[in-house]
Amino acid sequence: KNKVAIVTGASRGIGEAIAVALAREGVDLVLVGRKEADLERVAARVRDEGRACRISTADVSCEEDVRRTVELAREAFGKIDILVNNAGIGLFKTVQETSLEEWNRILQVNLTGAFLFSRAVLEDMIERGQGQIINISSDIGKRTIPRASAYCASKFGLEAFSEVLAKEVRKSGVRVGVIRPGLTDTYFNDTKQGAPEKEGWLQAEDIAEAVVYMASAPRHALVDEITVHPVIQEY
Ligand code: NJP
């Protein structure tokens, strides 16, 4: 109750569901994404839940955008209790098909974005002796599939980053965790939410529930990994 969270990639899909679920738990929010109109739509849903909400139109891979967003959160709410690094993009091509530009972009958004946001909130969290950083990885963040070299590298990187950060900050009271969604019905990889071929996939709300569970662990408890698979996903 009365916590403050920054959620990146909050304009649709899993991030939208996380924002609304946290609002229902009494959390005020700063929503981050590149498209203002989509962020305003989600902000209205958060306010409907009775919580305060600010939006930050920002690219998570841009250091200046990240700095501005964290400043906005501090000014609006005076503290940041929870950071959810959820913004992410997919690329499903063979190594031979992957351009340097595509490779770099995947790493910048999925990995560097989480580094920049985490670094930007850490000082405050460590000073207050509390805070949670929740990184949305992937069920292909610990194992691989073909045609996903850049994506898997970014998520394996995010897993390693999270593990190292957790070790660095644990004594300060700051907790770091990863959540690994399996196939989830969102707009991921230029698809449509609700498309018929996604029948049986996880819902964005399923992942949001995992975030709420991780975020609501009592301060002496660390829930640091949750993997959620759809039952139909055989591998
Ligand atoms: O995807 P989608 P999901 N700066 O496309 C934002 C992981 N995951 O919800 O910037 C800031 O519906 C984008 O907003 P906008 C996945 O890797 C998913 O499924 O306005 N924001 C939008 O709000 C990712 O880490 C599945 O375009 C940026 C959001 O990110 C997380 O779940 C499986 C941005 C993407 O919404 C959420 O993805 C899995 C940037 N540079 C892992 N670039 C799955 N869906 O099956 C994008 O294993 N965004």
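Which residue stands opposite V228 in β9? P181 does.

## Basis

This is a predicted model, in which local features need pLDDT of at least 70 and side-chain atom pairs count only at pLDDT 80 or more, while totals for chains, interfaces and linings use all residues. Residues are numbered from 1 along each chain as its sequence is written, and side-chain values use heavy atoms, with hydrogens and water left out.

Helices (H or I, at least four residues) and strands (E, at least two) are DSSP runs, numbered from the N terminus.

## The sheet

Seven strands form an open sheet with parallel pairing. Their order is β3-β2-β1-β4-β5-β6-β9. Two strands pair if DSSP finds at least two bridges between them. β3 (53-57) and β9 (225-228) are the edge strands, each with a single partner, so one side of each has no neighbour in the sheet. From one strand to the next, the twist averages 15°. Axes are lines fitted to C-alpha atoms, for helices over the stretch in contact, and angles run from 0 to 180 degrees between N-to-C directions.

β4 (residues 82-85) pairs with β5 over four bridges, in the parallel sense. There, V84 has I134 of β5 as its bridge partner. β5 and β6 run parallel and are joined by six bridges. I136 has I179 of β6 as its bridge partner. β6 and β9 pair over four bridges, again in the parallel sense.

Buried means under 20% relative accessible area, exposed over 50%, and partly exposed in between (1.4 Å probe, protein chains only). Eight of the eight residues of β6 are buried, so this strand is largely enclosed by the rest of the structure. V174, V176, V178 and R180 point one way. R175, G177, I179 and P181 point the other way.

Side chains alternate along β9. I226 and V228 point to one face and are buried.

Contact means heavy atoms within 4.5 Å. α4 packs on the sheet and touches β1 (3-8), β2 (27-33), β4, β5 and β6. The direction of α4 makes about 175° with that of β4.

α5 (residues 149-169) lies across β5 and β6, at about 160° to β6. Its 21 residues reach 30 Å from first C-alpha to last, close to the 30 Å expected at 1.5 Å a residue. The expected span is 1.5 Å times one less than the number of residues. Buried residues of α5 include Y151, C152, L158 and L165. The buried residues of α5 pack against α4, β5 (131-136) and β6 (174-181).

## The α3–α4 crossing

The axes of α3 (residues 63-77) and α4 (residues 100-128) come within 9 Å and cross at roughly 35°. The crossing is right-handed; that is, the near helix is turned clockwise from the far one by less than a right angle. α3 contributes E63, V66, T69, V70 and R74. α4 contributes L116, F117, R119, A120, V121 and D124.

These residues divide into six nonpolar, one polar and four charged. Ala, Val, Leu, Ile, Met, Phe, Trp, Tyr, Cys and Pro count as nonpolar, Asp, Glu, Lys and Arg as charged, and the others, Gly among them, as polar.

## A loop residue

A195 sits in the loop between β7 (184-185) and β8 (202-203). A195 is buried, with a relative accessible area of 15%. A195 and D65 are 130 residues apart in sequence and 33 Å apart in space, C-alpha to C-alpha.
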